[in-house]
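Thanks for coming, everyone. Let me put one structure on the screen and walk through it.

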Amino acid sequence: MFAEQRLPAPPLTHLSGLVVDDASDGSSTWSIPASPWWRSAAGVFAGGALAFVADAALAGAVFTKLPRGTALLSSDLSMNLLRAGSTSSERIVATGTVIDVGRRQGLSEARVENARGTLLAHATSRCVLKPMPFEPPPPPEDFPTPDPPMFDTPDPYLRLAEGDVVPQVVWDETKGLELIQSWRSGERAASPSCALLGLRFVDVEEGTVTAAAPASLWFTTGFGTFYGGALTAFADAAMNAAVTTTLPPGASFGTLDLKVHFLRPVTPDGRDLSVRATVEQRGRTIAVSTARIDDADGKRVAMATSSAMISEDRPWPVVDD
């Protein structure tokens, strides 16, 4: 019904442009416009942007197989990243397909591509299935198409992107730690993707970054739940920042993989989530990072890991995908 626009678009769609393009038995396709809002400080789309789309496609594919009265909760999300996206991608498209759906859990996988079909990432997910604690009412015979809402301003993703992309000459002359510290102090504007997510840096040391992001209603789905893809984007941004603090001038990196475990639901009460990321191992070419996300009451809501390939004395790529 969301694909047919017979139900009002959720806040998540207004924030990012995320829409369902197609759904069938065991499959669902979702996409977002490759908006400048998703640019990292290096100008490319980080893994969190791709995961933001993949999470919907993965859960949506399992949802198409569920019997009436069954609820779905994402348990984990894994990404293997192959290529960076960029504004030239036109759209970021994720197509999820079911691997297996049982009585208690569902497994799915997804291909994340640009508008031209170039594979950017492969994702997998596990969902926990539970019977609803009440008997859902029968669906109405008719769903009238709602009138599109009228707002004084465009949806956020349609507005002029805020935040800064750091020029390569600055990367060449500045340590990564100094850049992250300048974002924390407000001397330099953080990236457009951080601006879109509302993520800000609270504490910065070499190899460790603490950030905050709001548990905003903007990140809720059509079911009123806080979106797991948003938590993944938070964790990825913080881990990327932690890796950046270890970079010498002129270095760059690319995330190889990303995995998030969702531990408990997030209440979209507008209070801050705390995201703490640490580089656990930093070799010459590989960095392994972890992140934990706590709600405003100090309860752990998610944990994440990622690995990145470091390229010293190599500029950030000019993406032409």
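Where is Asp313 found? Asp313 sits in the segment after strand 12 (300-311). Helices here are DSSP runs of H or I, at least four residues, strands are runs of E, at least two, and both are numbered from the N terminus.

Some ground rules before I go on. This is a predicted model, where local features need pLDDT of at least 70, side-chain atom pairs count only at pLDDT 80 or more, and totals for chains, interfaces and linings use all residues. Residues are numbered from 1 along each chain as its sequence is written, and side-chain values use heavy atoms, with hydrogens and water left out.

Back to Asp313. Its phi is near 60°, a positive value in a residue other than glycine. At 71% relative accessibility, Asp313 counts as exposed. The cut-offs: buried is under 20% relative accessible area, exposed is over 50%, and partly exposed is in between, with a 1.4 Å probe and protein chains only.

Now the whole protein. It has six helices and twelve strands. The radius of gyration is 19 Å, close to the 20 Å that the globule rule gives for 321 residues, so the protein is as compact as a globular protein of that length. That radius is taken over C-alpha atoms, and the rule is 2.2 Å times the number of residues to the power 0.38. Along the principal axes, the C-alpha atoms fill a box of roughly 65 × 40 × 40 Å. Buried residues make up 49% of the 321.

On contacts, meaning heavy atoms within 4.5 Å: take pairs at least 6 apart in sequence. Of those contacts, 70% join residues at least 24 apart.

Next, the helices. How many residues of helix 6 are buried? The count is 17 of its 17. Helix 6 covers residues 228-244, and its 17 residues should span 24 Å at 1.5 Å a residue; the end C-alpha atoms are 24 Å apart, which agrees. The expected span is 1.5 Å times one less than the number of residues.

Helix 4 covers residues 176-185, and its buried residues are Gly176, Leu177, Leu179, Ile180, Ser182 and Trp183. They pack against helix 3 (168-173), strand 7 (200-205), strand 8 (208-214) and helix 6. Just after helix 4, Gly186 takes a positive phi of about 85°.

Over to the loop between strand 3 (70-81) and strand 4 (91-101), where we find Thr87. Glu90 is in the loop between strand 3 and strand 4 too. Thr87 is partly exposed, at 40% relative accessibility. Leaving aside neighbours within four places in sequence, Thr87 is in contact with Ala34, Ser35, Pro36, Arg39 and Phe45. Asp22 is 65 residues from Thr87 along the chain, and their C-alpha atoms are separated by 23 Å. Glu90 counts as exposed, at 52% relative accessibility. Its phi is near 70°, again positive in a residue other than glycine.

Last stop, Lys130, in strand 6 (residues 119-131). Lys130 is partly exposed, with a relative accessible area of 46%. Which residues does Lys130 touch, not counting those up to four places away in sequence? Gly69, Thr70, Ala71 and Leu73. Val62 is 68 residues from Lys130 in sequence, and the two are 13 Å apart in space, C-alpha to C-alpha.

That is the tour. Questions, please.
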